[in-house]
Amino acid sequence: MATSVAGEGHQSLNGIIFEHQTKKLTDLPTELLEHILCFPALKHVDICNVSCCCKRLHDVCHGRGKVWGHQYKLRWPRLQRFYRQNECCDWLKEYKTRHRVGIQIRRTVESISKRFFTEVPCVGQVLGDSFAEIESLGMPEHFCEDELLFILNSDKRKSLTLKYYAKKILYFLRQQNILRSLKTFLEQPVEQQSAIEGAVLVDQYCNPLADVTVDTISAQLDEITEKVKKMLRIKNPSHPSLRIAQGDCFVVEDFELQRQVVCALNSVLYEQLQYKGNEFDYYNPLNSYIHQVLLRHTGIPISLSVLYMTLARKLGVQLEPVNFPNHFLLRWCQKPSGSEDIYDFVYIDAFGKGKQLTAKECEYLIGHQVTADYYSAISTMEVLLRMVGNLLNIGKRGEGNEKSYQLLRDSLDLYLTINPDNVQYLLLQARLYFHLGIWPEKVLDILQHIQALDPSQHGAVGYLVQHTLEHIQHKKHPVAPEVKRRSAPEHLEVRYSVGLIMKHKRSGYNCVIYGWDPKCTMSQEWITTMRVHQLSNGANQPFYNVLVQDGTCRYAAQENLEPHSAPLEIGHPEVGRYFSEFADTHYVANEELQTRYPEDMDETLGTVQELYHRLTPGSGNQDQAPATDQNNHQAMPM
């Protein structure tokens, strides 16, 4: 730490003898020391060690200084948006808090698989206590989210179980925040509620892991608005809408000038940008999400109407939403404001490329007559209820897989946040939770609320209360999971093991095995429906639970499966529930699945060695491959 400047007894040119002098590192200016200690190779442990050397370095490494600020920003760059530029804060304290949150979050996530592995596989495995644990940490929420994102963005093929539950927790935490924002939005005065802002909240709640914000959506709308202004400038260079700045509230009163805006909007939206109604895939939920409408340039009547209405208002033309049956519309008043005569309005079909309709033509659109009430303008809250109602119906039309159940749950949450006393949907929510076997305590709260709102529902409520109480009692005395050993006499015909990547001989789909039975255990009705009797060995052969590449879970007969000739990753959302790692040729079962099938891992490694590694050139690779897989498996944090 010291360097000699003039050696002892060294004589200068003028004959004067210098005394022994040294320069220490600590003699350097503070700015230079800070620059040195901010070198990227130094980690927080190094800074801690340096600060313990002496008082000088301890002072340089003080909590509010540049050194710890650099360490904090280097390790957690995503958190910088929560601080103002050049903000002075106790970076050491922030570092310690974030580090402690990371440890707590990781412990909680790691413990979830053991506690929830045996529950319903589709949704809700981690609901309830786990989220309460995270919320009870009392730590900044953005720290919790940052750690969850850190887990999700780590090595793609490893820690799959940890990522599986981290994703579910992040999904839930973001949804809770969005619900709070929605409640705040609904508390605003009606005239301040923006349909596009409400649509963004619906979009965010159903896609909490997507990067959807009001600012990004507004920026895209501003780009379209500028395109319309450019078109308008060609037609009428002096049009008043051209002078409207972003955020200004200005209404064009002249009907001819309004017509010019609407024509320019139609030209840009439907001709230049090619927006259209999605007639071929109408019930795709993406049609209802505003960020997807802007991305794909397609939607359904209500989403396109919200987009159209927002753009028109940015240009000074006031359009109103109309809750027309089966086909959402906008209305444009052709008389001085205040008229409620349905014939004083032109009705705009945003789904039909902005086509303008009379009241009579609107009835032709749906094929039957309606009363004048259906032509009335509705509030933003009613727009959101219609939008969420569409998603709810899509969820009910689903195939009973995780995606449709999740959509049904999300849309019910939204609908009952907006309209909390709707008995029909409260009962549907209670039945859904009961069916999925999740949140039995919340089911009882919902049923109690239904009973208070509508005593005539006591029959349905009583049935669900009885069976929910039985479920709660059953959870208090869980049954130990069945352990299946390949060496047992009744399992000798089982040829394949969990973790193997397979191909279905008849259907051609790719899948991974996550369970098996020595004989088909499904009902006689299922066996008949699936024509199992037509198989050469019928139901009297091993059957395998498999996760399929298309996101479904299936039950396949042994004679229909064969090992995949070129193993590949299976992009199924439930892979992480059963496996901890993808090891190129197979999946490594996590601790919970290995407990169920204790002898399968060795079998899988042997099969992989025989099928794939024996084809590898060079005898060294043949011998070492299975040992490497085994070592990787043993080293997994699970």
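**Sheet, hairpin and salt bridges in a predicted model**

At 2% relative accessibility, Arg331 counts as buried (buried means under 20% relative accessible area, exposed over 50%, and partly exposed in between, with a 1.4 Å probe and protein chains only). Glu340, in contrast, is exposed, with a relative accessible area of 53%. The model is predicted: local features were required to have pLDDT of at least 70 and side-chain atom pairs pLDDT 80 or more, while totals for chains, interfaces and linings use all residues. Residues are numbered from 1 along each chain as its sequence is written, and side-chain values use heavy atoms, without hydrogens and water.

Salt bridges that share partners also join Arg78, Arg98, Arg106, Asp146 and Glu147 into one network. By the stated rule, the count comes to 21 salt bridges. One of them links Asp59 to Lys55, with the closest N and O atoms 3.0 Å apart. Both residues belong to helix H3 (residues 55-60) and are four residues apart, about one turn of the helix; helices (H or I, at least four residues) and strands (E, at least two) are DSSP runs numbered from the N terminus. Asp59 is partly exposed at 37% relative accessible area, whereas Lys55 is exposed at 62%. A further salt bridge connects the side chains of Arg180 and Glu141 (3.7 Å, N to O). Arg180 lies in helix H8 (residues 160-187) and Glu141 in helix H7 (residues 141-152), so this pair ties together parts that are 39 residues apart in sequence. Both partners are partly exposed, with relative accessible areas of 42% for Arg180 and 34% for Glu141.

Four strands form an open sheet in the order E5-E6-E7-E8, with antiparallel pairing; strands are taken to pair if DSSP finds at least two bridges between them. Strands E5 (320-322) and E8 (355-357) are the edges, each pairing on one side only. Neighbouring strands of the sheet are turned by 40° against each other on average, direction ignored (axes are lines fitted to C-alpha atoms, for helices over the stretch in contact, and angles run from 0 to 180 degrees between N-to-C directions). Strand E7 (residues 345-349) pairs with E8 in the antiparallel sense over three bridges, and Ile348 has Gln356 in E8 as its bridge partner. Helix H11 (residues 255-272) packs on the sheet, touching E6 (329-333) and E8, and its direction makes about 155° with that of E6; contact means heavy atoms within 4.5 Å. Helix H14 (residues 359-366) also packs on the sheet, where it touches E6, E7 and E8, its direction making about 115° with that of E8.

Strands E14 (residues 579-582) and E15 (residues 587-589) are paired in the antiparallel sense over three bridges, with Ala589 of E15 as the bridge partner of Phe579. The two strands form a hairpin with four residues between them, and Asp584 in the turn has a positive phi of about 75°.

Leu25 is located in the loop between strand E2 (21-24) and helix H1 (30-37). Leu25 is partly exposed, with a relative accessible area of 30%.

Terms used: A salt bridge is a side-chain nitrogen of Lys or Arg within 4 Å of a carboxyl oxygen of Asp or Glu.
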